[in-house]
Amino acid sequence: MSWVRSLHWSEELPSHTTTTTSTMRRHTTSSTCAASLRERAESVSVTDGIAPFCYLLTSEKVHFKVRISSAPAGRENVHTFRGPHWCEYCANFMWGLIAQGVRCSDCGLNVHKQCSKHVPNDCQPDLKRIKKVYCCDLTTLVKAHNTQRPMVVDICIREIEARGLKSEGLYRVSGFTEHIEDVKMAFDRDGEKADISANIYPDINIITGALKLYFRDLPIPIITYDTYSKFIEAAKIPNADERLEAVHEVLMLLPPAHYETLRYLMIHLKKVTMNEKDNLMNAENLGIVFGPTLMRPPEDSTLTTLHDMRYQKLIVQILIENEDVLF
């Protein structure tokens, strides 16, 4: 029986693995052009039954999806094409039966591994390849749709502000899981045409639940893995003014799509706190709700998550209370 595990490149690979890579360089643009593949990982030679892997690039990290199975270990390249394929950069045939070249997960460009070093790092994601809204990289989604923020964020927040700001326990109270999943499927299926009006979903907690689920399902959190530790360290600064300045400096490190989405969300949550008399939700309460939703440690460690919860809460609380200064 096989299973799939996701690894961040920044993580230490298990001791039973050895790696051979060409020069790994940080993906510095906000584009998630997995096609650029410039000096990206060529292969992983492993023991203990770890079979070929494929990877995808995001604006923050290279993520390896490693398939664990009983298949023998071996040196493999990035992508195996079925049927004859020609390189879209040099126009020459891609020889071989397996691992003939690389493919961009955003725009679908197929090139030789060596040709990929010469491909510009600025592809435009193809909407035909964006199959869903949830679980899609945020930068990829907004670039594909040519928007500032994901449409699900805009639509949900508009609906919540239209009829839910005074709802008691807003964002704290959960809606029915089945209905939240319905909203998710509606966005994945219909995109911006999804109907989440009161006629279909009268309980506003279903809409807040769908919005929180969107953030939890992001492969790269709103507060990215690269900036996570910096935000946590900023939260530990005892002096309030220095802490605020440190938070502001880390905010500037976020990719544009992440920054804009976070800014828009904090403006919205500030409006929620302005109705605290009715909804009983202040910035601290919202920090408790949104801390783990917007921030996740790079390493999958329960102890780290538990230890950092108070700092996650504090960061979101600071962002809400000072949104007019920080953004």
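Does Gln312 count as buried or exposed, and at what relative accessibility?

**View 1. Gln312 in helix α10 of the predicted model.** At 0% relative accessibility, Gln312 counts as buried (under 20% relative accessible area; exposed is over 50% and partly exposed lies in between, with a 1.4 Å probe and protein chains only). Gln312 sits in helix α10, residues 302–321; helices are DSSP runs of H or I with at least four residues, strands are E runs of at least two, and both are numbered from the N terminus. Apart from neighbours within four places in sequence, Gln312 is in contact with Tyr228, Ile232, Gly291, Pro292, Met295 and Pro297, where contact means heavy atoms within 4.5 Å.

Residues are numbered from 1 along each chain as its sequence is written, and side-chain values use heavy atoms, without hydrogens and water. In this predicted model, local features need pLDDT of at least 70 and side-chain atom pairs count only at pLDDT 80 or more, while totals for chains, interfaces and linings use all residues.

**View 2. Packing of helix α7 against helix α9.** The axes of α7 (residues 256–273) and α9 (residues 283–294) come within 10 Å and cross at roughly 150°; axes are lines fitted to C-alpha atoms over the stretch in contact, with angles from 0 to 180 degrees between N-to-C directions. The two helices are therefore roughly antiparallel (over 145 degrees; under 35 is roughly parallel, 65 to 115 roughly perpendicular and the rest oblique). From α7, the contact is made by Leu262, Leu265, Met266, Leu269, Val272 and Thr273, and from α9 by Ala283, Leu286, Phe290 and Leu294.

**View 3. The largest nonpolar core.** A nonpolar core is a set of buried Ala, Val, Leu, Ile, Met, Phe, Trp, Tyr and Cys residues joined through side-chain atoms within 4.5 Å. Of its 67 residues, Tyr171, Phe187, Tyr214, Phe215, Phe290 and Leu294 touch the most other members. Helix α4 (residues 204–217) gives the most to this core, with eight residues. Another core, apart from this one, has five residues, including Cys87, Met94, Val102 and Cys115.

**View 4. Thr227 in helix α5.** Thr227 lies in α5, residues 225–235, and is buried, with a relative accessible area of 2%. Not counting residues up to four places away in sequence, Thr227 touches Val250, Leu253 and Leu254. Thr227 and Leu253 are 26 residues apart in sequence, and their C-alpha atoms are 7.1 Å apart in space.
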